[in-house]
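Here is a friendly walk through the rings, charges and strands of one protein model. Have the viewer open beside you as you read.

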Amino acid sequence: MVRYEYFRDQKLIVCTLAGEVSLEEVIGLVLKINEDSDIDPGIDVVTDVTGLKTPLTLEDMRYMAQRSAEGLLRGKKGDKMAIVASDDLNFGLSRMYEIDTSIRKNPYTVRVFRSWEEAMAWLDRAPPPEK
């Protein structure tokens, strides 16, 4: 399952990747967000992978970082993306994405956290109502 929710009052998008997820589904989610005319520019993103059962591969993460640097992710310098990954494998792969995006000059500053509390503190926001 891939989905997102936009919290306009917090200028925040929360993406959820859970269960069995493919690279194509993740790219489709990003494209759907980009096409959503209700989303204002200059927003931050939290991506929750705590329920992801089949992690994306290292090659998938590198591909996403490359595509992000080429403009797949609509954003501007200074926007932030927090990834919440509680298990070691998803945390490690997400850290590789974090490093790769910083090398490639991704528009978002990406950081990976083990908990929602840490992620939301870094974003300087209160958690969304359901978290």
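Let us begin with a charge above a ring: the charged end of lysine 80 sits over the ring of tryptophan 122, 4.8 Å from its centre. A charge counts as sitting over a ring if NZ of Lys or CZ of Arg is within 6 Å of the ring centre and within 35 degrees of the ring normal. Arginine 114 has its charged end over the ring of phenylalanine 91, with 4.0 Å to the centre.

A word on the ground rules. This is a predicted model, in which local features need pLDDT of at least 70 and side-chain atom pairs count only at pLDDT 80 or more, while totals for chains, interfaces and linings use all residues. Residues are numbered from 1 along each chain as its sequence is written, and side-chain values use heavy atoms, with hydrogens and water left out.

**Rings**

Tryptophan 122 also belongs to the 1 aromatic pair that the structure holds. Its partner is phenylalanine 113, and the two rings are tilted, at 5.6 Å centre to centre and 45° between the planes. For such a pair, the ring centres of Phe, Tyr or Trp (its six-membered ring) lie within 6.5 Å; planes under 30 degrees apart are stacked, over 60 edge-to-face, and the rest tilted. Phenylalanine 113 is buried at 14% relative accessibility, whereas tryptophan 122 is partly exposed at 22%. Here buried means under 20% relative accessible area, exposed over 50%, and partly exposed in between (1.4 Å probe, protein chains only).

**The sheet**

Five strands make up an open sheet with mixed pairing, in the order β1-β2-β3-β4-β5. Strands (E, at least two residues) and helices (H or I, at least four) are DSSP runs numbered from the N terminus, and two strands pair if DSSP finds at least two bridges between them. At the edges stand β1 (2-7) and β5 (108-113); each has a single partner strand, so one side of each is left without a neighbour in the sheet. On average, neighbouring strands are turned by 15° against each other, direction ignored.

β1 and β2 (residues 12-20) run antiparallel and are joined by 6 bridges. Valine 2 stands opposite leucine 17 in β2, and arginine 3 has threonine 16 as its bridge partner there. The hairpin of these two strands has 4 residues between them, and in it lysine 11 takes a positive phi near 50°. On to the next pairing: β2 and β3 run parallel, joined by 8 bridges, and glutamate 20 has threonine 54 in β3 as its bridge partner. How many of the 9 residues of β2 are buried? The count is 7, so β2 is mostly covered.

Threonine 47 is in strand β3 and is buried, at a relative accessible area of 12%. Leaving aside residues up to four places away in sequence, threonine 47 touches residues including Cys15, Leu17, Met81 and Val84; contact means heavy atoms within 4.5 Å.

**Salt bridges**

The structure holds 6 salt bridges, each a side-chain nitrogen of Lys or Arg within 4 Å of a carboxyl oxygen of Asp or Glu. Among them are these:

| Pair | N to O distance |
|---|---|
| Arginine 125 and aspartate 44 | 2.6 Å |
| Aspartate 88 and arginine 114 | 3.1 Å |
| Arginine 111 and glutamate 98 | 3.8 Å |

Arginine 125 lies in the segment after α4 and aspartate 44 in strand β3, so this pair ties together parts that are 81 residues apart in sequence. Aspartate 44 is buried, with a relative accessible area of 10%.

Aspartate 88 in helix α3 (residues 88-103) and arginine 114 in the loop between β5 and α4 are 26 residues apart. Is aspartate 88 buried or exposed? It is exposed, at 60% relative accessible area, while arginine 114 is partly exposed at 36%.

Arginine 111 in strand β5 and glutamate 98 in helix α3 are 13 residues apart. Arginine 111 is partly exposed at 35%, and glutamate 98 is buried at 10%. Arg95, Glu98 and Arg111 are linked in a network of salt bridges.

How values were computed
Axes fitted to C-alpha atoms, helices over the stretch in contact; angles between N-to-C directions.
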